Amino acid sequence: MANRGQSSRKQQILETLAQMLEQSPGARITTAQLAAALEVSEAALYRQFPSKARMFEGLLDFIEEVIFSRVRVILDEETDAVVRCGKITHLLLTFAARNPGMSRLLLGDALIGEDERLGARVNQIFERLDMQLRQVLREGVLNAQKPLSVDVNGTAGLLLAVVEGRLRQFVRSNFKQSPTAQWDGQWNLLAQGISSNVSARQSALA
């Protein structure tokens with residue numbers, strides 16, 4: 001029972017921190033402000049987390065777990081490489097739209113002046129996403145029935161750059177410009193660019 005209560009208190013702290021990141025775009029969140037929002041002392045916060053960096057790491061752990069658990073579902077449900085890429089990119093944009101404060105973490109906006117290891121932790125998430133997209137595209141290239149003919153590393157990098165650009169617009173607009181706005185049309189353009197290489201390759205082999 002004690003462990004369950006402690007877990008609940010940690011969850012409450014993380015949820016409040018995420019809300020504050022959303023409600024104060026561009027602002028640095030202090031432990032004093034967080035404690036005041038929770039109506040507890042700073043000492044009470046540190047009984048749950050040894051540092052503010054550890055609180056941010058808790059949010060980053062949540063981000064990574066949610067995103068990659070859903071990526072696994074996409075990979076289980078879809079076999080087409082282009083469709084997989086489309087669903088993964090849409091997942092990232094949808095997650096950001098539903099969790100505005102966490103978009104600030106992914107872009108590093110909320111981590112300015114914080115522990116340097118947090119920036120490295122964010123980089124690890126994006127590196128993992130890059131690896132996943134490259135793996136999807138590589139499998140598409142090796143698909144005997146519908147092979148892609150793309151620069152795997154360049155295409156994965158482009159998709160992530162587009163996603164990061166959409167998130168940056170979202171944060172810069174103080175969360176008014178949704179990252180999913182007009183995305184269907186934009187993805188169609190990207191998908192056509194990727195898929196056109198399939199048609200070109202098939203014509204060459206005909």
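Is Phe95 buried or exposed, and at what relative accessibility? In this predicted model, Phe95 counts as buried, at 3% relative accessibility, where buried means under 20% relative accessible area, exposed over 50% and partly exposed in between, with a 1.4 Å probe and protein chains only. Because the model is predicted, local features need pLDDT of at least 70 and side-chain atom pairs count only at pLDDT 80 or more, while totals for chains, interfaces and linings use all residues. Residues are numbered from 1 along each chain as its sequence is written, and side-chain values use heavy atoms, with hydrogens and water left out.

The chain contains nine helices and zero strands; helices (H or I, at least four residues) and strands (E, at least two) are DSSP runs numbered from the N terminus. The C-alpha trace spans about 70 × 40 × 25 Å along its principal axes. Of the 206 residues in the chain, 44% are buried. Among contacts with a separation of 6 or more, 67% join residues 24 or more positions apart, a contact meaning heavy atoms within 4.5 Å.

Phe95 also takes part in an aromatic pair with Phe62, which is tilted, with 6.5 Å centre to centre and 40° between the planes. Rings of Phe, Tyr and Trp (its six-membered ring) pair if their centres lie within 6.5 Å; planes under 30 degrees apart count as stacked, over 60 as edge-to-face and the rest as tilted. The pair links distant parts of the chain, since Phe62 lies in helix α4 (residues 52-77) and Phe95 in helix α5, 33 residues apart. Phe62 is partly exposed, with a relative accessible area of 38%. Three aromatic pairs are found in the whole structure.

One cavity of 30 Å³ or more is present. On a 1 Å grid over the protein atoms alone, a cavity is a set of points where a 1.4 Å probe fits but cannot get out, and a pocket is an open set with protein on both sides within 12 Å along at least five of seven lines; lining residues have an atom within 4 Å of a point. Grid points are joined across faces, edges and corners, and a volume is the space filled by probe spheres set on the points. The volume of the largest cavity is about 60 Å³. Its lining includes Phe95, Ile67, Leu92 and Phe126, and α5 (81-98), α7 (116-141) and α8 (152-172) each give two or more residues to this lining. The lining comprises ten nonpolar residues, no polar and no charged; Ala, Val, Leu, Ile, Met, Phe, Trp, Tyr, Cys and Pro count as nonpolar, Asp, Glu, Lys and Arg as charged, and the others, Gly among them, as polar.

The largest pocket has a volume of about 200 Å³. Of its 14 lining residues, Glu15, Ala18, Leu59, Phe62 and Met102 are the closest to the centre. Helix α1 provides the largest share of this lining, six residues. The lining of the largest pocket divides into six nonpolar, five polar and three charged residues.

Helix α8 also contains Val152, which is buried at a relative accessible area of 14%. Not counting residues up to four places away in sequence, Val152 touches Arg134, Leu137, Arg138 and Val141. The C-alpha atoms of Val152 and Val141 are separated by 8.3 Å.

Charges over rings were also identified, including Arg128, which lies over the face of Phe68 at 3.8 Å from the ring centre. A charge sits over a ring if NZ of Lys or CZ of Arg is within 6 Å of the ring centre and within 35 degrees of the ring normal.
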